Amino acid sequence: MIRVGMGYDVHPFADGGERPLVLGGVTIDGRGLAGHSDADAVCHAVTDAILGASASGDIGRHFPDTDPEWQDADSIELLRRAAIVVRNAGYAIVNVDVTVIAQRPKLSPHVEAMQRRLAHALGIVPGQISVKGKTNEGVDSMGAGESIAAHAVALLASVLSQ
Ligand SMILES: [Zn+2]
């Protein structure tokens with residue numbers, strides 16, 4: 001049995017420059033995003049995609065933002081934990097595809113590093129994960145450079161005999 005899941009996340013840029021920008025577990029030079037954890041929209045979208053594909057709830061259920069344990073959490077660690085939830089539910093991750101929408105900064109120099117970090121957290125090889133950056137052509141808050149959004153889809157295969 002194979003199952004597909006989708007995830008979406010968006011974070012606005014933070015006021016002030018103290019927070020680092022973290023996407024796909026990679027710290028990138030530039031203004032950071034606002035959020036309860038490290039605001040890594042890529043990790044959050046992938047987390048929801050794999051949890052969704054296995055019908056295991058969502059990131060808010062597993063890592064509630066009301067829980068001080070997840071304050072300034074390292075989202076790549078949340079993703080690693082979500083991958084364990086998915087494996088324990090009897091699924092292997094076949095592939096993950098991510099589109100990151102950011103007017104700035106330019107993401108292409110960081111795509112390979114994101115693939116490596118995400119693959120490591122998911123327990124798969126970088127060839128099983130795709131990260132694509134695009135601008136929003138100047139439209140809406142992403143295009144105005146006020147936020148960064150990520151869309152992810154994940155395909156899982158059941159490793160239990162039916
Ligand atoms: Zn988020």
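Donors are N, O and S atoms within 2.8 Å of the metal. On that basis, the donor residues of the zinc ion follow the spacing D-x1-H-x32-H in sequence. The model is predicted.

**Zinc site**

- Three protein residues supply donors to the zinc ion: Asp 9 through OD, His 11 through NE2 and His 44 through ND1. These donors lie 2.0 Å from the zinc ion.
- Asp 9 sits in strand β1 (residues 2–12) and His 44 in helix α1 (residues 41–53), so this pair ties together parts that are 35 residues apart in sequence.
- Both Asp 9 and His 44 are buried.
- Water is not among the atoms, so the site may look incomplete.

**Largest pocket**

- The largest pocket holds about 250 Å³ of space.
- Its lining comprises 15 residues, and those closest to the pocket centre are Ser 37, His 44, Ile 59, Phe 63 and Asp 65.
- At least two lining residues come from each of β1, α1 and α2 (59–62).
- β1 gives the most to this lining, with three residues.
- Sorted by class, the lining has six nonpolar, six polar and three charged residues.

**Helix α1**

- α1 has 13 residues. From first C-alpha to last, α1 reaches 18 Å, close to the 18 Å expected at 1.5 Å a residue.
- Twelve of the 13 residues of α1 are buried, which leaves this helix mostly covered.
- The buried residues of α1 include Val 42, Cys 43, His 44, Ala 45 and Val 46. Thr 47 and Asp 48 are also among them.
- Just after α1, Ala 55 takes a positive phi of about 50°.

**Helix α3**

- α3 (residues 75–88) has 14 residues, which should span 20 Å at 1.5 Å a residue; the end C-alpha atoms are 20 Å apart, in agreement.
- Its buried residues are Ser 75, Ile 76, Leu 78, Leu 79, Ala 82, Ala 83 and Val 86.
- Seen down the axis of α3, the buried residues fall within an arc of 150°, so they line one face of the helix.
- An α-helix has 3.6 residues a turn, so residues three or four places apart point the same way.

Terms used: Residues numbered from 1 in each chain as written. Predicted model: local features only at pLDDT ≥ 70, side-chain atom pairs only at ≥ 80, totals over all residues. Heavy atoms only, no water. Donors = N, O, S within 2.8 Å, 3.2 Å for Na, K, Ca; no water. Helix = DSSP H or I, 4+ residues; strand = E, 2+ residues; numbered from the N terminus. Buried < 20%, exposed > 50% of the residue type's maximum accessible area, 1.4 Å probe, protein only. 1 Å grid on protein atoms, 1.4 Å probe; cavity = no way out; pocket = protein on both sides within 12 Å on 5 of 7 lines; lining within 4 Å. Points joined across faces, edges and corners; volume = space filled by probe spheres on them. Nonpolar A, V, L, I, M, F, W, Y, C, P; charged D, E, K, R; others polar. Expected span 1.5 Å × (residues − 1). Arc of directions from axis to C-beta.
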